[in-house]
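Welcome, and please take a moment to look over the sequence and the model below. We will then walk through some parts of it together.

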Amino acid sequence: MNQVYLISILIISIYCASFLEEQPRMQNKIYSIKLDRTQSQARKSFFDFITTGQHFRSKSDILDDIALTQTTQKENIKLYNFKNTQYTGEISFGSQENKFKVIFDTGSANIWLNSARCNDYGCKNHKQYDGQKSLTYEHLGYDLDVEFGTGELMGEINADTAYVGNVMIRKQEFAEIVRENGDVFALSDFDGIVGLAYPTMAAYHFNPLFDNIMQQKLLDRNVFSFYFSRQEGSRTSELTLGGWNQDHFVGELHFHNVANKYYWLLEANNILVNGKDIGLCKRGCNVIADTGTSLITGPSNDLYDMLDALNIDENCKNIKELPTLTFVLDGIHYDLDAHDYIMKIDSYGNEIAYGSFASTDSFLEMGGGCECVGTFMPLDIPFPQGPAWILGDTFLSKYYSVYDRDNDRVGFARSK
């Protein structure tokens, strides 16, 4: 759905913390992968694609289950961080040297890579996968066709050996993009998407990447976690496979049970503005932890009510008085203040996060012709998963997130 776009829209989410749990030590088989933080995700087409159900059609029968081999591999893997509102890392297909820059997206379940068979600009402008150069490539020939508001992607699901760092995943299904209408990838700074949601979302019931990792027993604990640094251009963001990295958060991890095993969907108690209930989460509401979406999104009517309550001045005149937004999950309060949810858009369309400045005065004095906006967007997710709020990178850069498939829960802690 994941992984994410910007322009003058705001929203805030809320959490309900189900129960508190503390794990004093990391288990072995933990892999850390450096994430790059890339350019703006304010592309409406990409947002439409990520948040669109991926309808597919079959050319053949579903394959039989594939016998997989266990491994006792044990290793730490570095990740990379690149720019501002998008976080990318590397995955390899066919060989460890054949690397692709991807978004690791907890809001979708399929893997998408540009195919060498695609001649459209969006494919040619990025690294392209060529199965003819891989000794472990398997042609499966399943069609995957996604239509969205501003375009369409057509792909073919095949399989190859995948590597996340030195973690080798055999027979990993992925979609090769063979036709791209629209600019979903054309202006992006990544080569593909790796979905980490539940397999109920995946095409043809093939396993998403992490489900194959689980099936092949590559980790001692079926857990992964994300740390999103707010230092633009830094290389400190991290995806950890097999557990979490306590060096990246302070305090305790609060865990919340997954309510629907499709997205990483949680039940929230309330959404507060300066500690007040303004009716944004009547009788509770759903929130989705989504590393593939840059912003926080919410149901249109509720989002506009929230924006009215925030009353953000586009000239940043009231930035020092803006209220705190709070997502309440299982009684745990997750606060976002103006430093977390405000950015400026300059005359060139560049995003400048409030939280990246040392002081409010320096942020206010920065350049002319800028407009203050909140990092929110209206989005009406249909039933049965919706209505729901998406907790994107605006939230997940402030709160370290842990995704626990052994216990079907999500944990949050304040990031360092």
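This is a predicted model: local features need pLDDT of at least 70, side-chain atom pairs count only at pLDDT 80 or more; totals for chains, interfaces and linings use all residues.

The protein chain has an average pLDDT of 81, and 78% of the residues reach at least 70. Two stretches call for caution. Over residues 1-28 the pLDDT stays under 50, and the model has 176 contacts beyond four places in sequence for this stretch. Residues 37-43 also stay under 50, with 47 such contacts in the model.

Now let us turn to an open sheet of 6 strands, where the pairing is mixed and the order is β15-β16-β19-β27-β20-β26. Its edges are formed by β15 (260-261) and β26 (376-378), each of which pairs on one side only.

Another open sheet has 3 strands, in the order β24-β23-β25, with antiparallel pairing. Why is one side of β24 and of β25 left without a neighbour in the sheet? Both β24 (351-353) and β25 (371-374) stand at the edges and each has a single partner strand, so one side of each has no neighbour there. From one strand to the next, the twist averages 35 degrees. Strand β23 (residues 342-345) is joined to β25 by 4 bridges, and the two run antiparallel.

Our last stop is strand β12 (residues 223-227). Is this strand mostly covered or mostly open? It is mostly covered, as 5 of its 5 residues are buried. In a regular strand, side chains alternate between the two faces of the sheet. In β12, Val 223, Ser 225 and Tyr 227 point one way, while Phe 224 and Phe 226 point the other way, and all are buried. Strand β28 (residues 399-404) runs antiparallel to β12 and is joined to it by 4 bridges, with Asp 404 as the bridge partner of Val 223. Strand β13 (residues 238-241) is also antiparallel to β12, again with 4 bridges, and its Leu 241 stands opposite Phe 224.

Notes:
Residues are numbered from 1 along each chain as its sequence is written. Side-chain values use heavy atoms; hydrogens and water are left out. pLDDT is the predictor's confidence in each residue, from 0 to 100. Contact means heavy atoms within 4.5 Å. Two strands pair if DSSP finds at least two bridges between them. Axes are lines fitted to C-alpha atoms, for helices over the stretch in contact, and angles run from 0 to 180 degrees between N-to-C directions. Buried means under 20% relative accessible area, exposed over 50%, partly exposed in between (1.4 Å probe, protein chains only).
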